[in-house]
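Look at the model below. This short report covers its charged pairs and one of its helices.

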Amino acid sequence: MARFDPARLVLVENSEFALYCIEQWFRDHRPSVEVIPLAGDVKDLSRLDEIFATWRPQLVFHAAAYKHVPLMEVTTPGKRFATTSLAQCA
């Protein structure tokens, strides 16, 4: 996404450290991009509604992924719900 040089990126991440790392990467490599780092979980519908109402994103990318998908599908069925919730907010 960075190479397309967006005017603004609204980042939603439930890991504070990951959010910090992404924000710092943009600060160092793409300082012209306004980065809005927001703590949140895509399974939290009220938080998603708040973010979408405030920032009104034009494009939405859901980049959650696991290395061992079959294993994680069994142990984390909430991910499917999260993806569906995010799509409905968009």
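## Salt bridges

A salt bridge is a side-chain nitrogen of Lys or Arg within 4 Å of a carboxyl oxygen of Asp or Glu. Side chains of opposite charge can pair when their charged atoms come close. This model is predicted. The structure contains four salt bridges.

One of them joins arginine 8 and glutamate 34, at 3.1 Å from N to O. Arginine 8 sits in strand S1 and glutamate 34 in strand S2, so this pair links parts 26 residues apart in sequence. Arginine 8 is partly exposed, at 42% relative accessible area. Glutamate 34 is partly exposed too, at 36%.

## Two further pairs

Lysine 43 pairs with aspartate 41, with 3.4 Å between the closest N and O atoms. Lysine 43 is partly exposed at 38%, and aspartate 41 is partly exposed at 25%.

Glutamate 50 forms a salt bridge with arginine 47; their closest N and O atoms are 2.9 Å apart. Both lie in helix H2 (residues 45-55), three residues apart, which means about one helical turn separates them. Glutamate 50 is partly exposed, at 43%.

## Helix H1

Helix H1 covers residues 16-29, 14 residues in total. At 1.5 Å a residue, H1 should span 20 Å. Its end C-alpha atoms are 20 Å apart, so the two values agree.

Which residues of H1 are buried? They are Leu19, Glu23, Gln24 and Phe26. Seen down the axis of H1, these buried residues fall within an arc of 160°, so they line one face of the helix. Strands S1 (8-13) and S2 (34-39) are among the parts that cover them. On the other side of H1, Phe17 and Asp28 are exposed.

Note on methods. Residues numbered from 1 in each chain as written. Predicted model: local features only at pLDDT ≥ 70, side-chain atom pairs only at ≥ 80, totals over all residues. Heavy atoms only, no water. Helix = DSSP H or I, 4+ residues; strand = E, 2+ residues; numbered from the N terminus. Expected span 1.5 Å × (residues − 1). Buried < 20%, exposed > 50% of the residue type's maximum accessible area, 1.4 Å probe, protein only. Arc of directions from axis to C-beta. Contact = heavy atoms within 4.5 Å.
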